[in-house]
Structure formats: structure tokens, C-alpha cells
Amino acid sequence: MMRYEGNEELADKSACAGVRADLKMCLLASDCCKKEKKTPRECLNRTDGSVPEECFVLRNTFFECKRSILDNRQRFRGRKGY
């Protein structure tokens, strides 16, 4: 999870917003977006090493968080992610 200094809060209060913001920042900080000027969506489909493994882990965490919203069994266990 990215650490924010001070009293910074996300404007988006929806479920999985923290994971989404961390995924976005990870992708925008990658060489794929910075040096090759590709969009974050294009970078998620790349497997050439220009995107850190952390971004792919965050993508999987975001997927699990979104899936847990729809899964009725997760209502008792709570949402995954943060």
C-alpha cells in the first residue's frame, strides 16, 4: 500500500479505491509509461519486463477486491484488499 504523507485522502470513497489508486500510481511510475509513453492499459498487457512485478500483484489484488463485491459468500468475510 502506498503511504500518503499528511492528511491526504482519496477523493474516491468507493470500494477498492485504495487498491485502484495504488495500481494507477504503480503503472504511471513504470518505465513503460514514462519512457515508452504508453497508456497504463497497454502497459498491463506487456510482459517484457518494463512493468514491475508489484503492479501485476496490485492488478490481481484489485481483481480479487472487485470480485469479492459481487460474491455473496464474501458478505460475511468482508472485502479483500484495503
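Phenylalanine 56 lies in helix H4, where helices are DSSP runs of H or I of at least four residues, strands are runs of E of at least two, and both are numbered from the N terminus. The model is a predicted one, in which local features need pLDDT of at least 70 and side-chain atom pairs count only at pLDDT 80 or more, while totals for chains, interfaces and linings use all residues. Residues are numbered from 1 along each chain as its sequence is written, and side-chain values use heavy atoms, with hydrogens and water left out.

Phenylalanine 56 is buried, with a relative accessible area of 19%. Here buried means under 20% relative accessible area, exposed means over 50%, and partly exposed covers the range in between (1.4 Å probe, protein chains only). When neighbours within four places in sequence are left aside, phenylalanine 56 is in contact with Leu44, Arg46 and Val51, contact being defined as heavy atoms within 4.5 Å. Between phenylalanine 56 and asparagine 45, which are 11 residues apart in sequence, the C-alpha to C-alpha distance is 9.8 Å.

The chain as a whole contains 5 helices and 0 strands, and its elements run α-α-α-α-α from the N terminus on. Of its 82 residues, 29% count as buried. Among contacts between residues at least 6 apart in sequence, 39% join residues at least 24 apart.

The expected span is 1.5 Å times one less than the number of residues. The buried residues of H4 are Cys55, Phe56, Leu58, Phe62, Glu64, Cys65 and Ser68. Helix H1 has 12 residues and reaches 16 Å from its first C-alpha to its last, close to the 16 Å expected. Its buried residues, among them Ala17, Val19, Leu23 and Leu27, pack against helix H2 (31-34), helix H3 (40-44) and H4.

Two packed helices are described by the angle between their axes and the distance between the axes. Helix H1 (residues 17-28) and H4 pack at an angle of about 155°, with their axes 9 Å apart. Axes are lines fitted to C-alpha atoms, for helices over the stretch in contact, and angles run from 0 to 180 degrees between N-to-C directions. H1 and H4 are therefore roughly antiparallel to each other, a term used for angles over 145 degrees, with those under 35 roughly parallel, 65 to 115 roughly perpendicular and the rest oblique. In this pair, Val19, Arg20, Asp22, Leu23, Cys26 and Leu27 of H1 meet Glu54, Cys55, Leu58, Arg59, Thr61, Phe62 and Lys66 of H4. By class, the contact of H1 with H4 has 7 nonpolar, 1 polar and 5 charged residues; Ala, Val, Leu, Ile, Met, Phe, Trp, Tyr, Cys and Pro count as nonpolar, Asp, Glu, Lys and Arg as charged, and the others, Gly among them, as polar.

Two serines in loops touch each other. Serine 30 is placed in the loop between H1 and H2 and is buried, with a relative accessible area of 2%. Residues up to four places away in sequence not being counted, serine 30 touches Ser50, Val51 and Pro52. Serine 50 is placed in the loop between H3 and H4 and counts as buried at 10% relative accessibility. Beyond its neighbours within four places in sequence, serine 50 is in contact with Ser30, Asp31, Cys32 and Glu36. The C-alpha atoms of serine 50 and aspartate 31 are separated by 5.5 Å, although these residues are 19 apart along the chain.
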